[in-house]
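Please read it alongside the sequence and coordinates.

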Amino acid sequence: MRAKSLPLVLLAVLVAGCAGNQSGQPQAGDTRFVAGDGKMQVFEASERNPAPAIEGPTLDGATASLAAHKGKVVVLNFWASWCGPCRAEAPVLKEVAAKTKGSGVEFLGVDFKDRQADAQAFERTEQTGYPHIFDQPGKVALAFQGTVPPAAIPSTLIIDEQGRIAARALGAVKYTDLMNAVTKVRDE
């Protein structure tokens with residue numbers, strides 16, 4: 001084999017290793033990126049599982065938890081400043097959050113596997129208007145294992161008023177899909 005072709009062979013092996021077979025899928029604690037199509041999947045009420053109790057420090061130094069939003073619909077979005085699709089969906093989340101804020105819907109971000117300074121810079125730029133838990137080690141994300149693969153970012157969950165996981169999207173959400181799902185869960 002010629003020395004010039006070695007980098008191409010290595011690249012081909014790496015790309016083939018990222019293909020979608022089951023052995024290549026993330027396992028518990030794995031932090032490789034998992035892509036999704038961003039489509040909202042709304043679960044029937046009888047199929048909903050309780051959301052785990054989560055709490056953590058926010059990017060602005062406070063503390064946030066799901067329990068603090070008891071009795072409200074909560075949109076929980078997992079993101080990172082280094083994630084391109086997360087950046088792309090940020091304006092959608094901000095707009096839906098602003099339009100639904102006074103109607104019993106709360107938004108909570110979970111910044112995951114990120115540097116705090118980068119996450120804070122991202123939030124200063126986007127000015128989402130809702131709190132973000134700083135989850136550098138990924139503990140909050142792991143609490144949702146089974147619903148959201150630990151490395152699937154961006155991911156968005158909608159928690160219903162009873163604290164159950166009512167909807168999920170893996171990948172960047174689209175405005176209409178998110179607004180329709182939030183409205184459906186809120187109006188139940």
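A nonpolar core is a set of buried Ala, Val, Leu, Ile, Met, Phe, Trp, Tyr and Cys residues joined through side-chain atoms within 4.5 Å, where buried means under 20% relative accessible area, exposed over 50% and partly exposed in between, for a 1.4 Å probe and protein chains only. The model is predicted, so that local features need pLDDT of at least 70 and side-chain atom pairs count only at pLDDT 80 or more, while totals for chains, interfaces and linings use all residues. Residues are numbered from 1 along each chain as its sequence is written, and side-chain values use heavy atoms, with hydrogens and water left out.

**Core**

The largest nonpolar core has 30 residues, of which Leu76, Phe78, Phe144 and Leu157 touch the most other members. Two or more residues come from each of E4, H2, E5, H3, E6, helix H4 (139–143) and strand E7 (155–159), these elements being DSSP runs numbered from the N terminus, helices (H or I) of at least four residues and strands (E) of at least two. E4 gives the most to this core, with four residues. Apart from it lies another core, of 20 residues, including Val73, Val96, Tyr130 and Met179.

**Sheet**

Six strands form an open sheet with mixed pairing in the order E1-E8-E7-E4-E5-E6, two strands being paired if DSSP finds at least two bridges between them. Strand E1 (41–42) and E6 stand at the edges with a single partner strand each, so one side of each is left without a neighbour in the sheet. E4 and E5 pair in the parallel sense over seven bridges, with Leu76 standing opposite Leu108 in E5. H2 packs on the sheet, touching E4, E5 and E7, where contact means heavy atoms within 4.5 Å.

E7 is joined by five bridges to E4 in the antiparallel sense, and five bridges also join E7 to strand E8 (residues 165–170), again antiparallel. Ile158 of E7 stands opposite Val75 and also opposite Ala167 in E8. Five of the five residues of E7 are buried, so E7 is largely enclosed by the rest of the structure; Ser155, Leu157 and Ile159 lie on one side, and Thr156 and Ile158 on the other. The hairpin of E7 and E8 has five residues between the strands, and Gly163 in the turn has a positive phi of about 80°.

**Helix H3**

In helix H3 (residues 116–126), Ala119, Phe122, Glu123 and Glu126 are buried. They cover an arc of only 95° around the axis, which puts them on the same side of H3, the arc being that of the directions from the helix axis to the C-beta atoms. These buried residues pack against strand E4 (73–79), helix H2 (84–100), strand E5 (105–112) and strand E6 (132–135), whereas the face turned away from the buried side carries the exposed residues Arg124 and Thr125.

**Salt bridges**

A search of the whole structure finds seven salt bridges, each a side-chain nitrogen of Lys or Arg within 4 Å of a carboxyl oxygen of Asp or Glu. Three of them are tabulated here.

| Pair | Closest N and O atoms |
|---|---|
| Glu188 and Arg48 | 2.6 Å |
| Arg164 and Asp160 | 2.9 Å |
| Asp187 and Arg186 | 3.0 Å |

Glu188 counts as exposed at 51% relative accessibility, whereas Arg48 counts as buried at 8%. Arg48, Asp160, Arg164 and Glu188 are linked in a network of salt bridges.

Definitions and conventions. Axes fitted to C-alpha atoms, helices over the stretch in contact; angles between N-to-C directions.
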